[in-house]
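Please look through the sequence and the model below before reading on. The report that follows goes through a few features of the fold one at a time.

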Amino acid sequence: MSGQDLMDKQRREDVRALVELAVPVVQALYRLAKYPFDYVGEPIQIRSEHVAKAAVAFLEGRITADELTSWANRLEAHDDIRVEGKTAQETDEILDAIFDFANPELTGCSLEETAKFVRSILSKGSVAS
């Protein structure tokens with residue numbers, strides 16, 4: 001395995017740790033800061049359950065508002081992330097939720113309102129914002 005292949009593998013593991021909240025957000029962001037912005041490898045998929053997990057973690061106080069916003073900001077517009085819902089509508093809903101978490105000042109909704117909404121629709125099988 002080449003040095004680039006090893007770096008890509010490690011990057012994917014670090015991105016996955018952030019997406020899944022497997023490590024503290026600050027730690028995951030620190031790990032990811034060492035990689036270049038551009039990426040041409042296989043992206044990590046973010047699905048509705050990842051966004052829902054972040055919403056619940058925030059509502060339960062396991063992550064702070066700053067951590068939720070930082071988490072969502074890192075997921076927006078990066079080549080190492082791909083949003084994939086079960087349907088085109090679900091994909092749009094995931095993207096909207098991530099945007100709302102990343103930009104509460106632009107949306108006019110509090111993070112708590114957005115997180116509660118995301119959590120409330122889990123029983124319907126999708127995540128919207």
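This is a predicted model: local features need pLDDT of at least 70, side-chain atom pairs count only at pLDDT 80 or more; totals for chains, interfaces and linings use all residues.

The residues through which the two helices meet are His-50, Val-51, Ala-54 and Phe-58 on the side of α3, and Ala-65, Leu-68 and Trp-71 on the side of α4. Sorted by class, this contact of α3 with α4 holds six nonpolar residues and one polar residue, with no charged residues.

Helix α7, which spans residues 111–120, has as its buried residues Leu-111, Thr-114, Ala-115 and Val-118. These residues lie on the same side of α7, because they cover an arc of only 95° around the axis. Which helices are included in what covers them? The table lists these helices with their residue ranges.

| Helix covering the buried residues of α7 | Residues |
|---|---|
| α3 | 48–59 |
| α4 | 65–75 |
| α5 | 88–102 |
| α6 | 104–107 |

A contrasting kind of position can be looked at in a loop. Val-40 is placed in the loop between α2 (25–32) and β1 (44–46). Is Val-40 buried or exposed? Val-40 is exposed, because its relative accessible area is 83%, and the cut-off for exposed is over 50%. Computed along the sequence, Val-40 and Glu-90 are 50 residues apart, while in space their C-alpha atoms are 25 Å apart.

Key: Residues are numbered from 1 along each chain as its sequence is written. Side-chain values use heavy atoms; hydrogens and water are left out. Helices (H or I, at least four residues) and strands (E, at least two) are DSSP runs, numbered from the N terminus. Buried means under 20% relative accessible area, exposed over 50%, partly exposed in between (1.4 Å probe, protein chains only). The arc is that of the directions from the helix axis to the C-beta atoms. Contact means heavy atoms within 4.5 Å. Ala, Val, Leu, Ile, Met, Phe, Trp, Tyr, Cys and Pro count as nonpolar, Asp, Glu, Lys and Arg as charged, and the others, Gly among them, as polar.
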